Every structure is written in structure tokens, then in C-alpha cells.
Amino acid sequence: MNESLPEYFILMGFTKYPWLDLPLFFIILTSYLFTLLGNTVIILVSQLDSQLQSPMYFFLTNLSFLDLCFTTTTVPQMLFNLGGPSKSITYTSCVVQAYVFHWLGCTECVLLGIMALDRYMAVCEPLRYSVIMDHKFCLQLSGTAWLLGLANSLLQSTLTIKLPLCGNQVLDHFFCELPGLIKMACGDTTVNEIILAVVATFLIMGPLSMILVSYSYIARAVFRIPSTAGRLKAFNTCSSHLLVVSLFYGPGVYIYMQPSGDGSQDLSKVLTLFYCVITPMANPFIYTLRNKEVIGAVKRLIRKAVSAKQT
């Protein structure tokens, strides 16, 4: 290992505002518990209920599992630092966190695009939907998302950790994210910044463009549905996905696609907290509260559990 690499990093977080530590600790802890509960319920219901075996719920299960992993990569470390005097993370833990966080974040970008494609097929090609979106094809699409995220993380994280640090141990963030690690470097980071921006453009704007195009066709098809109930059902399902997309992509575009050094670092931290803590918590509630099929499945699962306990 290079001698200039420190044994640990000091995570600054919001140390300029120490009075925020306790409120943030309880907000993040509460959000994390709701994330665990909500996404676990969606995974269980989608797997156990025979009426939720469609491609939409297969991808929703993938998203819930992804969100569980995504938050668990960062939140326990954040809670440890916010709840105690130590604000550090070991170098090895930081590297692992950077690889995994970037892998899962990129995977979610691609997966949300695939979910838009699934909604397009369901609304615009209903007669061919079950033939095209069979289980094998869904597995291939899901696997592609995970592999693309992994490949991008291996490339960008490896390039980032090779940057010289010159003994710098202070990371102005809550956890080890690539833009923050690049800013720590004492050498020329132009190549890293260009690659990060180019790949971010591809992995953010590519799926986002696919989402926008898919939903333009979906909107046109929805207005052609003769029944009001049919239009409302299609609108509720698609609007939930669009809300999730907005919550995830909005902060990501600001953080990863602006030139290095531009923008407020405190704002970047707040937006990062938003998409890695608040959005994974909100996703299951967005999908369930507006989805009668999921609500019905949850009720059936509860009734089964109660009746099994009584017998």
C-alpha cells in the first residue's frame, strides 16, 4: 500500500453545526427503520402473494432489495459517527463503502429505466406484454442493471482510490462517496472528473431519456383508454414510478453532473442524505399507498399470519 495513504479518514459531515448531530441521528435512525420495514414488507408480499407475480412486482422486489442494501452501506456508519465522539472511518472500510455505494447507486439508475420500459410494454403493448416480458427476459434485464452498475463502480472507484492523498485524512462528507474522495486528492484529478462526468451522463441521462420517452408514449396511450377506471389505474401505477424517479434522479443530476468545485458543499451533503436515506424510505410507501393490489396483498398476508397464529 502507498505510504501516503492514511489508516483512517475523518468524516466532517456537518461538524460546522454540531447542534445538528442529535436531531440528524434520530431522523436518520427513524428513516432507516422505516426503510427496513417498508422494503422488507414489499419483498415478502411480492414473493408470497400469488396475485403479485407480474414483471412489475419482480422489478419492484429488485428495487426494494437494492434500497435495503443501498441504505445499509452508509447509514450504520453515519449513525455511529453522529451518535458518538468518533467521526472516523478506516481506510479499508471507506474503500469498500465507495465501491459498494457506487455499484448500487448506478444499478438503481439503470433499474428505474428498465421499470419505465416495463410500464411502457404493459400500457402500450398489453397483448404482447406477457410474451415479451417473460421471467427469463426480466432476469436478463435485472442482471444487466446489476452488471452495468458493478462494471462502472469497478472502473471509477479503482481510478479514484489510486489518486495520491499526500497524507490528507479529512473527507468533507458523511461517508465515502467518489466526488468527495476526488476532491481530497493532491494530484491532477482532471481525468477522474471527466470520466465521472461522462459516465454519469451516460448512466443518468441514458435511463432518464428512456423514462421520458416511455412516459410520453404511455401518456398518449392512457388518454386513449375508454374507461375512466382504466385510465385511473394506469395513471396511479405510472405516477408512483415517476415520483420515485424524480426523488432519485434530481439530487443525482446536481451532485454528479456539475463541474468539480461548483455549488455548495453543504447543499450536496443535504441532497446526498436525501437520495440515500429519504428516497429509499419513501419508495415502498409511494408504491403501496397508491396501489390497491399491494394493499390488498398486505391485508391477505396479515390475515394469513393471524389465522395461522390462532390455529
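## Sheet

In this predicted model, an open sheet is formed by 3 strands in the order 2-1-3, with mixed pairing. Strands pair here if DSSP finds at least two bridges between them; helices (H or I, at least four residues) and strands (E, at least two) are DSSP runs numbered from the N terminus. Strand 2 (88–90) and strand 3 (170–171) are at the edges with a single partner strand each, so one side of each has no neighbour in the sheet.

Strand 1 (residues 8–11) and strand 2 run antiparallel and are joined by 3 bridges, with Phe-9 opposite Ile-89 in strand 2. Strand 1 and strand 3 run parallel and are joined by 2 bridges; the bridge partner of Leu-11 in strand 3 is Leu-171. In general, strands of a sheet pair through backbone hydrogen bonds, either parallel or antiparallel.

## Faces and covering helix

Phe-9 and Leu-11 make up the covered face of strand 1, while Tyr-8 and Ile-10 make up the uncovered one. In a regular strand, side chains alternate between the two faces of the sheet. Helix 3 (residues 91–124) lies across strand 1 and strand 2 and runs at about 85 degrees to strand 2. Axes are lines fitted to C-alpha atoms, for helices over the stretch in contact, and angles run from 0 to 180 degrees between N-to-C directions.

## Nonpolar cores

A nonpolar core is a set of buried Ala, Val, Leu, Ile, Met, Phe, Trp, Tyr and Cys residues joined through side-chain atoms within 4.5 Å. Buried denotes under 20% relative accessible area, exposed over 50%, and partly exposed the range in between (1.4 Å probe, protein chains only). The largest core has 68 residues, of which Phe-59, Met-78, Leu-112 and Tyr-249 touch the most other members. Helices that each supply at least two residues of this core include helix 1 (21–48), helix 2 (55–83), helix 5 (135–161) and helix 7 (190–222). Helix 2 gives the largest share, 12 residues.

Not counting residues up to four places away in sequence, Met-78 touches Ile-28, Phe-174, Phe-175, Leu-273, Cys-276 and Val-277; contact means heavy atoms within 4.5 Å. A second, separate core of 14 residues includes Phe-9, Tyr-91, Leu-165 and Met-184.

Ile-182, in helix 6 (residues 178–184), is buried with a relative accessible area of 5%. Beyond its neighbours within four places in sequence, Ile-182 is in contact with Thr-160, Leu-163, Thr-189, Asn-192, Glu-193 and Leu-196. Ile-182 and Ile-161 are 21 residues apart in sequence and 8.5 Å apart in space, C-alpha to C-alpha.

Asn-152, in helix 5, is also buried, with a relative accessible area of 7%. Its side chain is joined to that of His-102 by a polar contact of 3.4 Å. A polar contact is a pair of N or O atoms within 3.5 Å; within protein, one must be able to donate a hydrogen and the other to accept it, and residues adjacent in sequence count only if both atoms are side-chain atoms. Leaving aside neighbours within four places in sequence, Asn-152 is in contact with His-102, Cys-106, Val-199 and Leu-203.

## Confidence and conventions

The chain has a mean pLDDT (the predictor's confidence in each residue, from 0 to 100) of 83, and 93% of its residues reach 70 or more. Confidence is lowest in helix 8, at a mean of 74, and highest in helix 5, at 92.

Residues are numbered from 1 along each chain as its sequence is written, and side-chain values use heavy atoms, leaving out hydrogens and water. For this predicted model, local features need pLDDT of at least 70 and side-chain atom pairs count only at pLDDT 80 or more, whereas totals for chains, interfaces and linings use all residues.
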